[in-house]
Amino acid sequence: MGKAWLFGVFAFILMFATACSSEKETSKKSNASKEDEKADAVTLTIGSWRTEDTAKYEKVIEAFNKKHPDIKVEFKPSKNTEYNTILNTALQSGEGPDIIHLRPYAPGIALADAGYLEPLDGLTGLDAFPETALQASKGSDGKQYGVPLNMSTTQIFYNKKIFKEHNLKEPKTWDEFIKLNETLKSKNIIPIALGAKEGWLLSAAHGIIGPAHYGGNEFVEKITKGETNFESTEFVNSIKAMDQLKKYFPDNYEGLGMEDIRTLFATGQAAMFPMGSWEIEVVRSLNPDIEIGFFPMPSAIGKEPTITAWVDGSFALNAKSKHKEEAKLFLEFLATKEFAELFTNEFKMISAMPGVKAKDELVTSLGEAVEKMSTPYMMVVYFAGGNPTSKTTLENELQGMYLGKQTPEGVAKSVQENAETWFKPFQ
């Protein structure tokens, strides 16, 4: 009996040890399997110039991962002013991010024409966008290379509190706009937050102010057909208007950049901010209590007011990506209404997909204004070609004008000479 009992104990111990060993082995295999899965997981990288949107893109990636948990996505933006150089250098080396935030029109199309991008024709969801949105990333070969992201607008933002405190109203004519600036200046409030340190700020401001003097869409149609040019009276007057407004800019505006003028507006030191819709949330992040209004640019020549709009960026696929199929899944997600609604409400921007409504009142109002009174950002949509580009030339020459080294007529002449080197209707 004792021996039988002892044998039973040994048998139990042996059984227990075997079970533990088996469990350990199973656990090892399971962990090894998980490690293998982790090693096999695909990681996609996104290149962009929107450093301020990093947290928002994490939400986009989170939404994508609910459908595709096995694909890791990393948003890796570069500084706005350095993005083009960093991206071009990487692409020329056969590298770069899998998914590329594409500059609209000429710069992005140039990458497609150079063979750096993968055609996206037939990608699920592209048919939800109008042709006008697709054109911003359509190559010279007629193929589609980008999924349109958003419509950007530029207009005059204003501080509602300042306007209310001083009983000021949105101007309906150019003369009323000038009178508004004079009133603000007399009250020791900076009328217009604008600086000349970064050239793109000046072409953006001209994109708002210019149409009030050259006449908006009618002029754009004529110049793109070669029926008029940059040395025309209408365009020169638009440059003169930019010169006229400098007395309403902050002191030492020549040395002020984006962060400086944004801060002046956000902190209530400046009443107006001629800027793009992408700045709404950035300004609010600096001052959550600020009440931002906007008004379209009133005409100086008796025409309708305008709000400047264009497709501002698309997402493209690097032709050298090692994960094209996975990247296409992400791009297909960007072409869904789910993403469009997420984008509109998280980023507070106007989606390039029609029919997407924003919860934010200001964004909704901007979207409605685009449908009623939009004019294209002419220098981005039509004159971002050349080397240097005509847009860059305008920026450099405006900087020269504000430094007292150039005249409005000289600015216009330089832009025309540049455009003649590449713009076919001028040749």
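Guide: We begin with contact, which means heavy atoms within 4.5 Å. Please keep in mind that this is a predicted model.

Visitor: Which residues does Asp-98 touch, leaving aside residues up to four places away in sequence?

Guide: Asp-98 touches Thr-43, Leu-44 and Thr-45, together with Ala-316, Leu-317, Asn-318, Ser-321, Lys-322 and His-323. Asp-98 itself sits in the loop between helix 3 (80-92) and strand 3 (99-102). Glu-74 is 24 residues from Asp-98 in sequence, and their C-alpha atoms are 10.0 Å apart.

Visitor: Is Asp-98 buried or exposed?

Guide: Buried means under 20% relative accessible area. Asp-98 has 8% relative accessibility and therefore counts as buried.

Visitor: How does one describe two packed helices?

Guide: Two packed helices are described by the angle between their axes and the distance between those axes. Consider helix 18 (residues 390-402) and helix 19 (residues 408-419): their axes come within 9 Å and cross at roughly 160 degrees. Angles over 145 degrees count as roughly antiparallel, so helix 18 is roughly antiparallel to helix 19. Their crossing is right-handed.

Visitor: Which residues make that contact between helix 18 and helix 19?

Guide: Helix 18 contributes Ser-390, Thr-393, Leu-394, Glu-397, Leu-398 and Met-401. Helix 19 contributes Pro-408, Gly-410, Val-411, Ser-414, Val-415, Asn-418 and Ala-419. Sorted by class, this contact has seven nonpolar, five polar and one charged residues.

Visitor: At what angle do helix 8 and helix 18 pack?

Guide: Helix 8 (residues 199-209) packs with helix 18 at an angle of about 100 degrees, and the axes are 8 Å apart. Helix 8 is therefore roughly perpendicular to helix 18. On the helix 8 side the contact is made by Gly-199, Trp-200, Leu-202, Ser-203 and His-206, and on the helix 18 side by Lys-391, Leu-394, Glu-395, Leu-398, Gln-399 and Tyr-402. These residues divide into five nonpolar, four polar and two charged.

Visitor: How do helix 11 and helix 18 pack, and which residues meet?

Guide: The angle between helix 11 (233-244) and helix 18 is about 45 degrees, with axes 10 Å apart. Helix 11 is therefore oblique to helix 18, and the crossing is right-handed. Ile-239, Met-242 and Asp-243 of helix 11 meet Leu-394, Leu-398, Met-401 and Tyr-402 of helix 18. By class there are six nonpolar, no polar and one charged residues in this contact.

Visitor: Which residues of helix 10 are buried, and where around the axis do they lie?

Guide: In helix 10 (residues 217-224), the buried residues are Phe-219, Val-220 and Ile-223. They lie on the same side of helix 10, because they cover an arc of only 100 degrees around the axis. Against them pack helix 9 (211-214), helix 11, strand 12 (374-376) and helix 17 (378-381). Just after helix 10, Gly-226 has a positive phi of about 80 degrees.

Visitor: What covers the buried residues of helix 12?

Guide: The buried residues in helix 12 (residues 258-266) are Met-258, Ile-261, Arg-262, Leu-264, Phe-265 and Ala-266. Their cover includes strand 5 (150-159), strand 6 (190-192), helix 8, strand 7 (270-276), helix 13 (280-286) and strand 8 (292-295). Gly-268 follows helix 12 with a positive phi near 80 degrees.

Notes. Residues are numbered from 1 along each chain as its sequence is written. This is a predicted model: local features need pLDDT of at least 70, side-chain atom pairs count only at pLDDT 80 or more; totals for chains, interfaces and linings use all residues. Side-chain values use heavy atoms; hydrogens and water are left out. Axes are lines fitted to C-alpha atoms, for helices over the stretch in contact, and angles run from 0 to 180 degrees between N-to-C directions. Helices (H or I, at least four residues) and strands (E, at least two) are DSSP runs, numbered from the N terminus. Angles under 35 degrees count as roughly parallel, over 145 as roughly antiparallel, 65 to 115 as roughly perpendicular and the rest as oblique. A crossing is left-handed if the near helix is turned anticlockwise from the far one by less than a right angle, and right-handed if clockwise. Ala, Val, Leu, Ile, Met, Phe, Trp, Tyr, Cys and Pro count as nonpolar, Asp, Glu, Lys and Arg as charged, and the others, Gly among them, as polar. Buried means under 20% relative accessible area, exposed over 50%, partly exposed in between (1.4 Å probe, protein chains only). The arc is that of the directions from the helix axis to the C-beta atoms.
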